[in-house]
Amino acid sequence: MPAARVRLDDETFLLVLTGAGVSAESGVPTFRSGGGLWENHPLEQVATPQGFEADPRLVWRFYSERRAQAAQCEPNPGHVALQALEERLGERLLLVTQNVDGLHRRAGSRRLIEIHGSLFATRCARCQRAPFADDSQVTATLPECELCAASGRRALLRPAVVWFGELLDPEHLRAIESFIARGRRRRLVFLAVGTSGAVYPAAGLVDNARAAGGETFLVNADPADNLHRFHHFVQGQSGHVLPTLFEFSGPTQRA
Ligand code: BJW
């Protein structure tokens with residue numbers, strides 16, 4: 001049994017934030033496990049607009065490899081436990097993930113916001129066309145936007161993920177704020193899982209939850225950078241901890 005348990009009752013609004021650690025047991029490498037490097041390239045070289053501008057081929061190779069790798073991975077008991085919570089809590093649960101690997105969706109989670117985008121979507125680096133589903137591998141030829149081409153401009157396509165220095169979708173941020181506001185009027189619980197607490201604005205959500213009177217939990221293999229801002233810390237592997245982390249009381253228990 002974990003060191004602390006998350007009590008859920010009929011009043012509870014549960015906001016969950018997940019990071020790369022949740023997918024580690026599925027075989028998806030975390031960001032900072034290899035010292036923040038991919039093939040000796042620092043993250044800034046492959047996960048910034050400047051990096052893409054300087055070497056789009058390198059960046060596409062990074063994302064093509066990750067597409068292929070994530071497609072071969074399966075959701076683990078941590079993803080499954082969070083999906084099961086959605087069945088019990090319904091609209092009183094919101095799952096916010098920083099992960100782009102699609103594993104929460106594949107586990108069946110639908111009350112889900114992918115705040116850093118998706119590995120399996122592509123968009124134009126220049127125009128505002130909506131991102132489209134895409135699992136292709138980019139090797140030799142860099143893909144170009146055909147809508148821009150039709151109006152006589154050349155623009156590269158890029159992975160539909162959020163890089164450092166880029167804004168998160170304001171609609172996503174509004175949906176999170178609105179969930180916290182609803183929870184504030186009832187009983188708000190915030191749970192962060194498998195994230196180093198190093199990247200904002202995700203790492204600041206614990207503060208938003210606390211400002212709204214929320215009780216806050218962190219489940220992580222190691223102490224996160226923002227550990228001191230949580231009320232409770234359960235150290236361990238999420239696939240092991242999450243299935244027994246929650247205790248239910250009231251009708252929520254019967255679902
Ligand atoms: C396990 C486990 C197991 C392992 N079980 N646990 C405020 C202060 C300072 C700077 C900023 C600030 N606000 C904004 C910034 C700038 C910047 C930022 O945060 N910089 C920091 C580095 C300081 N943020 C941004 O630029 C964001 N944009 C923004 O805020 O716009 C406005 C603005 C811009 C500039 C200045 C000010 C305002 C955008 C951030 C986008 C991040 N993008 C990436 C790439 C996405 C695409 C892709 O996947 O390739 O997102 S970077 C990378 O980090 C990725 C991740 O989602 C993200 C977080 O990583 P995560 O998930 O925490 O993974 P790890 O590897 O770090 O940690 C894993 C953890 O799991 C570890 O702790 C392990 O111990 C644990 N673990 N196995 C449980 N089995």
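Two strands count as paired if DSSP finds at least two bridges between them. Strands here are DSSP runs of E of at least two residues, helices are runs of H or I of at least four, and both are numbered from the N terminus. Within this pair, Ala192 stands opposite Leu218 of β11.

Before going on, a word on the source. This is a predicted model, where local features need pLDDT of at least 70 and side-chain atom pairs count only at pLDDT 80 or more, while totals for chains, interfaces and linings use all residues. Residues are numbered from 1 along each chain as its sequence is written, and side-chain values use heavy atoms, with hydrogens and water left out.

Now the sheet around that pair. β10 and β11 belong to an open sheet of six strands with parallel pairing, in the order β6-β5-β2-β10-β11-β12. At its edges are β6 (112-114) and β12 (232-235), each of which pairs on one side only. On average, neighbouring strands are turned by 15° against each other, direction ignored. Helix α8, residues 170-184, packs on this sheet and touches β2 (12-18), β5 (93-97), β6 and β10. Its direction makes about 145° with that of β2. Such angles run from 0 to 180 degrees between N-to-C directions, with axes fitted to C-alpha atoms, for helices over the stretch in contact. Contact means heavy atoms within 4.5 Å.

Next, the interior. In soluble globular proteins, nonpolar side chains tend to be buried together. Buried means under 20% relative accessible area, exposed over 50%, and partly exposed in between, with a 1.4 Å probe and protein chains only. A nonpolar core is a set of buried Ala, Val, Leu, Ile, Met, Phe, Trp, Tyr and Cys residues joined through side-chain atoms within 4.5 Å. The largest one has 23 residues, and those with the most contacts inside it include Leu14, Val16 and Leu191. Two or more residues each come from β1 (6-8), β2, α5 (77-89), β5, β10 and β11. Of these, α5 gives the most, with four. Not counting residues up to four places away in sequence, Val16 touches Leu82, Leu93, Leu94, Leu95, Val96, Leu191 and Val193. Apart from this core lies another, of 22 residues, among them Leu17, Ile113, Ile115 and Ala192.

Three strands form an open sheet with antiparallel pairing, in the order β8-β7-β9. β8 and β9 (157-161) are the edges with a single partner strand each, so one side of each has no neighbour in the sheet. β7, residues 117-124, pairs with β8 over two bridges, and Ala121 has Ala133 of β8 as its bridge partner. Helix α4, residues 56-71, lies across β7 and β9, at about 140° to β7.

Asp134 sits in the loop between β8 (132-133) and α7 (146-150). Is Asp134 buried or exposed? Its relative accessible area is 17%, so Asp134 counts as buried. Its side chain makes a polar contact with the side chain of Thr122 at 2.7 Å. That term means a pair of N or O atoms within 3.5 Å; within protein, one must be able to donate a hydrogen and the other to accept it, and residues adjacent in sequence count only if both atoms are side-chain atoms.
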